[in-house]
Amino acid sequence: IATTIALLALNSMPAVIVQAQQQQQQLDLSDDCQIGPTLYTGYSLKTGTGCNQYVYCQEGIINSWSTCPVGLLFNGAVGMSGICDWAANVECADPPVDEPSVTS
């Protein structure tokens, strides 16, 4: 009986793994990598960072993220390629998200 239960458990494992992978992929989809229904591939502005950071998207999923060096900002937009450029050359339409203030 124990062997039968073990075989049944092993046979159901691939379905569980596939389901977990699909759920993880859904969690990894990012607004920074989507333009409407389009899943973007390429460099994109990471929102909420005041144009300091950017991500590399692959089919709508963030693959990596980076910060521009000091004095530079990401000159691009969500779903639109860009580069780190001198701050004077960038019109940042993405103000940084403020940390919630703690009051006592």
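Predicted model: local features only at pLDDT ≥ 70, side-chain atom pairs only at ≥ 80, totals over all residues.

Colleague: How many disulfides does the structure hold?

Modeller: Three. Number the bonded cysteines in sequence order and the pairing reads 1-3, 2-6, 4-5.

Colleague: Start with cysteine 33. What does cysteine 33 form a disulfide with?

Modeller: Cysteine 57, with the sulfur atoms 2.0 Å apart. The torsion about the S-S bond is -75°, a left-handed link. Cysteine 33 sits in the loop between α1 (2-28) and β1 (34-35), while cysteine 57 is in strand β4.

Colleague: Next one. Which cysteine pairs with cysteine 51?

Modeller: Cysteine 92, at 2.1 Å between sulfurs. The S-S torsion is about 90°, so this disulfide is right-handed. Cysteine 51 comes from the loop between β3 and β4, and cysteine 92 from the segment after β7, so the bond ties together parts 41 residues apart in sequence.

Colleague: Why is cysteine 51 classed as buried?

Modeller: Because its relative accessible area is 2%, and buried means under 20%. Cysteine 92 has 32%, which makes it partly exposed.

Colleague: What joins cysteine 68 to cysteine 84?

Modeller: A disulfide, S to S 2.1 Å. With a torsion of about -80°, it is left-handed. Cysteine 68 lies in the loop between β5 (61-67) and β6, and cysteine 84 in strand β7, so parts 16 residues apart in sequence are tied together. Cysteine 68 is buried at 7% relative accessibility. Cysteine 84 is partly exposed at 24%.

Colleague: Switching to rings. How many aromatic pairs?

Modeller: Three. Ring pairs link Tyr43, Tyr54, Tyr56 and Phe74 into a cluster.

Colleague: What's the geometry for tyrosine 43 and tyrosine 54?

Modeller: Edge-to-face, with 5.8 Å between centres and 65° between planes. Tyrosine 43 is in strand β3 (residues 42-45) and tyrosine 54 in strand β4 (residues 53-58), 11 residues apart. Tyrosine 43 is partly exposed at 39% relative accessibility. Tyrosine 54 has 18% and is buried.

Colleague: And what about tyrosine 54 with phenylalanine 74?

Modeller: That pair is stacked: 5.1 Å centre to centre, 15° between the planes. Tyrosine 54 is in strand β4 and phenylalanine 74 in strand β6, so the pair ties together parts 20 residues apart in sequence. Phenylalanine 74 is buried, like tyrosine 54.

Colleague: Now the packing. Which residues make up the largest nonpolar core?

Modeller: Eight residues: Leu45, Cys51, Tyr54, Cys68, Leu72, Leu73, Phe74 and Val90. Strand β6 (residues 72-77) gives the largest share, three residues.

Colleague: What does valine 90 touch?

Modeller: Leaving out residues up to four places away in sequence, valine 90 touches Leu73, Phe74, Asn75 and Asp85.

Colleague: One last spot. Where does alanine 87 lie?

Modeller: In the segment after β7 (80-86). Alanine 87 is partly exposed, at 37% relative accessible area. Beyond its neighbours within four places in sequence, alanine 87 contacts Gly71, Leu72 and Leu73.

Colleague: And how far is alanine 87 from valine 70?

Modeller: 9.5 Å in space, C-alpha to C-alpha, and 17 residues in sequence.

Note on methods:
Residues numbered from 1 in each chain as written. Heavy atoms only, no water. Core = buried A, V, L, I, M, F, W, Y, C linked by side-chain atoms within 4.5 Å. Buried < 20%, exposed > 50% of the residue type's maximum accessible area, 1.4 Å probe, protein only. Helix = DSSP H or I, 4+ residues; strand = E, 2+ residues; numbered from the N terminus. Contact = heavy atoms within 4.5 Å. Phe/Tyr/Trp six-rings, centres within 6.5 Å; stacked < 30°, edge-to-face > 60°. Disulfide = S-S within 2.5 Å.
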